[in-house]
Amino acid sequence: MNWKIDVDEMVTFLVGLLEIPSPTGDTGRVMAYVAEHFAPLPFEMSLNSKGVLAGTWAGAAGDAPRAVTAHVDTLGAVVSAIKDNGRLKLSQLGSWSWTSVEGEGATVFASSGQAIRGSFLPETASFHACPKDKREAAHTGDDMEIRIDGRTASKEETEALGIRVGDVVAFDPRVEISEAGFIRSRHLDDKAGVATIFGALRAIDRAGKSPGQRTTIHISNYEEVGHGASAGLPDDLAELLVIDMAVVAPRQTSDEYSVTVCAKDAGGPYDLAMRRNLEKLAEEMDLEVRTDVYPGYGSDGEAYWFSGGEARVALIGPGVDASHHYERTHRDALENTAKLIVGYLVS
């Protein structure tokens, strides 16, 4: 069957997803958005106490149950200190380079309930008042700060705004869709993956079909800190398909137009038989497909295995350039990934 993916709908869903801040540990708003858009599908999604959103589509059979997972939490930060000058020091949520967000706009979700805007800058940002050696030095978390958009020049004045240590900070995604089909934004990891699951499920439902096996759809919320899929999945799974971004970079085989099947990442190899099946399926469906290895990458597949999960695990995803920086992918990668998810689920 030549499956039709509504790519425009999928991209529109993705843009809405990207524009909702969701650093690890603060995903309530974005989970509500996902639940609303998944609601027309023929199964019910619900949140568990950890904040995972999951639901199960009955499928044609139940002798080898499956699950598909992607994560909606993103990189971000929490306030670790309020400086004497009223500006904020940060502690990272997830792993990212401090300089990758230098100069970026940010929102502080204050304990007062307000969303307070600011910018993430080096302490030496004032070019005309900084020695050359300081201007050109590499920056770290020790010499960077949030400059709050508020009248504050002291710790006490910042605290009066309702900001406290531990408040969550989200960096602006800066979403842009080009006429050439590119999607540029922070946090395509892994909101692009969630969007491909959405596109795939909508295609199956519109075709009047259902999965070949009972299938759990699992949207995790702690992947960036290593334990996203450690909870919320059935005990009787035969297979778990993880959807996460593919690394596009020099010396990688992935590109921004294809779906990639991951052979191995920093946590070791994925299930060989399941990988071969996905590669064969992609070729039979005439998809643009790559196989790749990610040396500095881990996924919810490892989180599931490390928590004692016994199912086979495979990892696929759309190619994303500049991972954990200002990322970019293409509509074609989303479409190829969504089609492979469909082919897998209905098989």
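Q: How many cavities of 30 Å³ or more does a search of the whole structure find?
A: The search finds 1 cavity of that size. Please keep in mind that this is a predicted model.

Q: And how much space lies in the largest cavity?
A: The space there comes to about 100 Å³.

Q: Which residues lie nearest its centre?
A: Leu75, Arg186, His187, His324 and His325 lie nearest the centre of the largest cavity, out of 13 residues that line it.

Q: How does that lining divide into nonpolar, polar and charged residues?
A: The lining of the largest cavity has 4 nonpolar, 5 polar and 4 charged residues.

Q: Now the largest pocket: what is its volume?
A: The volume of the largest pocket is about 300 Å³. Its lining consists of 17 residues, and those nearest the centre are Met245, Gly296, Tyr297, Gly298 and His324.

Q: What is the make-up of the pocket lining?
A: The residues lining the largest pocket are 7 nonpolar, 6 polar and 4 charged.

Q: Changing topic, how many aromatic pairs are there?
A: The count is 13 aromatic pairs. One of them joins Phe13 and Phe38, with the ring centres 6.2 Å apart and the planes at 40°, a tilted arrangement.

Q: Where in the chain do Phe13 and Phe38 sit?
A: Phe13 belongs to helix H1 (residues 7-18) and Phe38 to helix H2 (residues 28-38), so the pair links parts of the chain 25 residues apart.

Q: Are those two buried or exposed?
A: Phe13 has a relative accessible area of 2%, which is under the 20% cut-off, so Phe13 counts as buried. Phe38 is buried as well, at 0%.

Q: Which residues do ring pairs link into a cluster with them?
A: Tyr33 and Phe198 join Phe13 and Phe38 in that cluster.

Q: Which charged residues sit over rings?
A: Among them is Arg66, whose charged end is 4.6 Å from the centre of the Tyr344 ring and over that ring. Arg328 is another, lying over the face of Phe182 at 4.1 Å from the ring centre.

Q: Back to H1: why is it described as largely enclosed?
A: Helix H1 is largely enclosed by the rest of the structure because 9 of its 12 residues are buried. The buried residues include Val7, Met10, Val11, Phe13 and Leu14.

Q: What span should H1 have, at 1.5 Å a residue?
A: The 12 residues should span 16 Å, and the end C-alpha atoms are 16 Å apart, which agrees.

Technical notes. Residues are numbered from 1 along each chain as its sequence is written. This is a predicted model: local features need pLDDT of at least 70, side-chain atom pairs count only at pLDDT 80 or more; totals for chains, interfaces and linings use all residues. Side-chain values use heavy atoms; hydrogens and water are left out. On a 1 Å grid over the protein atoms alone, a cavity is a set of points where a 1.4 Å probe fits but cannot get out, and a pocket is an open set with protein on both sides within 12 Å along at least five of seven lines; lining residues have an atom within 4 Å of a point. Grid points are joined across faces, edges and corners, and a volume is the space filled by probe spheres set on the points. Ala, Val, Leu, Ile, Met, Phe, Trp, Tyr, Cys and Pro count as nonpolar, Asp, Glu, Lys and Arg as charged, and the others, Gly among them, as polar. Rings of Phe, Tyr and Trp (its six-membered ring) pair if their centres lie within 6.5 Å; planes under 30 degrees apart count as stacked, over 60 as edge-to-face and the rest as tilted. Helices (H or I, at least four residues) and strands (E, at least two) are DSSP runs, numbered from the N terminus. Buried means under 20% relative accessible area, exposed over 50%, partly exposed in between (1.4 Å probe, protein chains only). A charge sits over a ring if NZ of Lys or CZ of Arg is within 6 Å of the ring centre and within 35 degrees of the ring normal. The expected span of a helix is 1.5 Å times one less than its number of residues.
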